[in-house]
Amino acid sequence: MFTLSSLVPICNKSNNKLLLLHAFQQQQQPGLTVLSSTIADESLDTREKSDLTLKCRFTDQYDADDFTFYWARWTANPALFENVAIGDVQLNSGYRLDFRPKSGIYDLQIKNASYARDNGRFECRIKAKGTGADVHQEFYNLTVLTPPHPPVISPGNIAVATEDKTMKLTCSSIGGSPDPTITWYREGSNAMLQTEVLKGGSKDQPTNATLTIVPRREDDAAKYKCVVWNRAMNEGERLEATATLNVNCK
């Protein structure tokens, strides 16, 4: 049995990650201290059909006879948690392992990445056999980039409104990983307008940004533009849609 005796945050300068060291005292063997390290989450982007390596590195030597090594994966759509590798055995044909525990290496190589399989959270864990205590943990939040679809405005590109009566313009873009940002502007101004945003949460669901306005008579023929972008697109690339107000007087 292990009991927590200390928690010490340090900076691991080799990879610029935050490393949390937990010192455990094994009660059955007084005087024996086992260190448990947890490396803070790292966020990574990749693209469909790309290859990448998730590194799991440790300075202590963990003998495979005394410790269990595994990689696990969480996905949100669909909600699923499963082991993808145990020891030197990968449990999915899309993954490969670099398993060298005596050298402090237990890397997961992802081949031909896909949104459906790999967009989610990966964790590397090393556990002490018998007690099940974690002695090393690393976490990766992996985003498989996909571009969003062109935006659509509701109630339409010609938005019929009534003077001094509240109306809503909703800009919707299906998909995209990560969820796209949607920004509204009035033509002739670079000021971003305040909106209510509902994120899609997956590349198959729309992200919506709703603009609420109270049009006046002088707003007839005014144009409002929504702009869509996410990290799968080039920095200067944008998707846009425009709505023109047709304001009916009271």
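Begin by selecting Leu91, which counts as partly exposed because its relative accessibility is 48%, a value that lies between the 20% limit for buried and the 50% limit for exposed. Bear in mind throughout that the model on your screen is predicted. If you colour the strands, you will find Leu91 in the loop that runs between β7 (89-90) and β8 (95-100).

Is Asp41 buried, partly exposed or exposed? With a relative accessibility of 40%, Asp41 counts as partly exposed.

Keep Asp41 selected and display its surroundings, leaving aside residues up to four places away in sequence: Asp41 touches Arg121, Phe139 and Asn141. Show the side chains here, and you can trace a polar contact of 2.3 Å between those of Asp41 and Arg121, as well as another polar contact, of 3.2 Å, between the side chains of Asp41 and Asn141. Then select Tyr140, whose C-alpha lies 5.5 Å from that of Asp41, although the two residues are 99 residues apart in sequence.

Finally, zoom out to the whole protein, where one helix and 19 strands can be picked out. Of its 250 residues, 44% are buried, and the accessible surface comes to about 13,700 Å², with 50% of that area belonging to carbon and sulfur atoms. Among contacts between residues at least 6 apart in sequence, 59% join residues at least 24 apart.

Note on methods:
Residues are numbered from 1 along each chain as its sequence is written. This is a predicted model: local features need pLDDT of at least 70, side-chain atom pairs count only at pLDDT 80 or more; totals for chains, interfaces and linings use all residues. Side-chain values use heavy atoms; hydrogens and water are left out. Helices (H or I, at least four residues) and strands (E, at least two) are DSSP runs, numbered from the N terminus. Buried means under 20% relative accessible area, exposed over 50%, partly exposed in between (1.4 Å probe, protein chains only). Contact means heavy atoms within 4.5 Å. A polar contact is a pair of N or O atoms within 3.5 Å; within protein, one must be able to donate a hydrogen and the other to accept it, and residues adjacent in sequence count only if both atoms are side-chain atoms. Accessible areas come from the Shrake-Rupley method with a 1.4 Å probe; for residues, only the protein chains shown count as cover.
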